[in-house]
Amino acid sequence: MGLKIVDFHCDVLSKIQLNHQLDFKNDDRLDVNLRRMEQGGVQLQCFAIFLSERLGPPGIEHIMEQLDLYQERVAIEDIGLVKSSADLERVIATGERAGLLSIEGADGLEGDLFYLRLCYERGVRFLGITWNYANWAADGVMEPRNGGFTCKGLELVRACHELGIILDVSHLSHKGFWELTELAERAQRPFIASHSNAYHICPHERNLQDEQIRAIIENGGRIGITFVPWFVKDGPAVYSKDLLPHLDHICQLGGGGNIMFGSDFDGIDTHLHDFQHAGEYEQWVDTLLKYYPEELINGWLSGNALSFLRKWLPKDE
């Protein structure tokens, strides 16, 4: 089968922000670089804007720097930016490689919805409301109090729905998840979990419980199965094959058509034993082909993500 991969989460931009010597073209210190995208058949990669604590207090200037880095380091290597469904159709038709932009944690928006609109104008189409802990908008999943959205956070959700920014719940608290589910139902807009696995298989707080998975399925959203070892299996050596029970479980819940992949490459220092960078996607596909029909796999690799993007990206820029 010809490889055509959509990967919904990597932290390349944050990594380059902390070390400007990194070269996106072929630097092996990056899990995702141009050469590895070509080797692995990754056609569309979502680049997250994550602000490291090493930067100090998060601010809009840190987000703007990563947006500039995308243009200066990634786009310059003929990795265009998909901002609309028209862009997406062009990428599909030509076979060119391209990127999507997301923000992982609203901290750097500083509670200012003007900054949200500015990021939208710069091409951001996805927003993870929190990282693991609390910010001005909501609580993250690791925040002990498990709070939901603040008043300002609810304004953020409404603004995202109006602009067409798709929300991402991968780090959101349980209470926040259910509040967003209700808001999304009213707005008739789905959301995604860009890089989360099944809690039933691996009970890590960052994984999705069954009722959450069902809610995303019913909402028409997508779940990006992730390759973070401690979200896959508890143990010293974790292999790509250990992802299969997560796939099986989500399929048993009715989500075979909602699965995609969100590697979290460059956001982790420890990798699956046999799947350590984007160039190794082909071996992962070979593993999948031993257990699942090709049509189902094609959906997971790209079809499910592309059908979602076709419907929910803005029609034009």
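Me: Where is Gln 188 found?
Reply: Gln 188 sits in the loop between α7 (174–187) and β7 (192–193). Helices (H or I, at least four residues) and strands (E, at least two) are DSSP runs, numbered from the N terminus. This is a predicted model, where local features need pLDDT of at least 70, side-chain atom pairs count only at pLDDT 80 or more, and totals for chains, interfaces and linings use all residues. Residues are numbered from 1 along each chain as its sequence is written, and side-chain values use heavy atoms, with hydrogens and water left out.

Me: What makes Gln 188 count as exposed?
Reply: Its relative accessibility is 65%. Exposed means over 50% relative accessible area, buried under 20%, partly exposed in between (1.4 Å probe, protein chains only). Gln 188 therefore counts as exposed.

Me: What is the phi of Gln 188?
Reply: Phi of Gln 188 is near 55°, a positive value in a residue other than glycine. Most residues other than glycine have a negative phi.

Me: Which value does phi take in Asp 266?
Reply: Phi of Asp 266 is near 70°, again positive in a residue other than glycine. Asp 266 lies in the loop between β9 (259–261) and α11 (281–289).

Me: Why is Asp 266 called buried?
Reply: Its relative accessible area is 8%. The cut-off for buried is under 20%, so Asp 266 is buried.

Me: How many aromatic pairs does the structure hold?
Reply: The structure holds 20 aromatic pairs. Rings of Phe, Tyr and Trp (its six-membered ring) pair if their centres lie within 6.5 Å; planes under 30 degrees apart count as stacked, over 60 as edge-to-face and the rest as tilted.

Me: Why is the pair of Phe 177 and Phe 191 called edge-to-face?
Reply: The ring centres are 5.6 Å apart and the planes stand at 85°, so the pair is edge-to-face. Phe 177 lies in helix α7 and Phe 191 in the loop between α7 and β7, so the pair ties together parts 14 residues apart in sequence. Phe 177 is buried at 1% relative accessible area. Phe 191 is buried at 1% too.

Me: What makes Phe 265 and Phe 275 an edge-to-face pair?
Reply: Their ring centres lie 5.6 Å apart with planes at 75°, so the pair is edge-to-face. Both residues are in the loop between β9 and α11, 10 residues apart. Phe 265 and Phe 275 are buried.

Me: Which residues do ring pairs link into a cluster with Phe 265 and Phe 275?
Reply: The cluster also takes in Phe 227, Phe 261, Tyr 281 and Trp 284.
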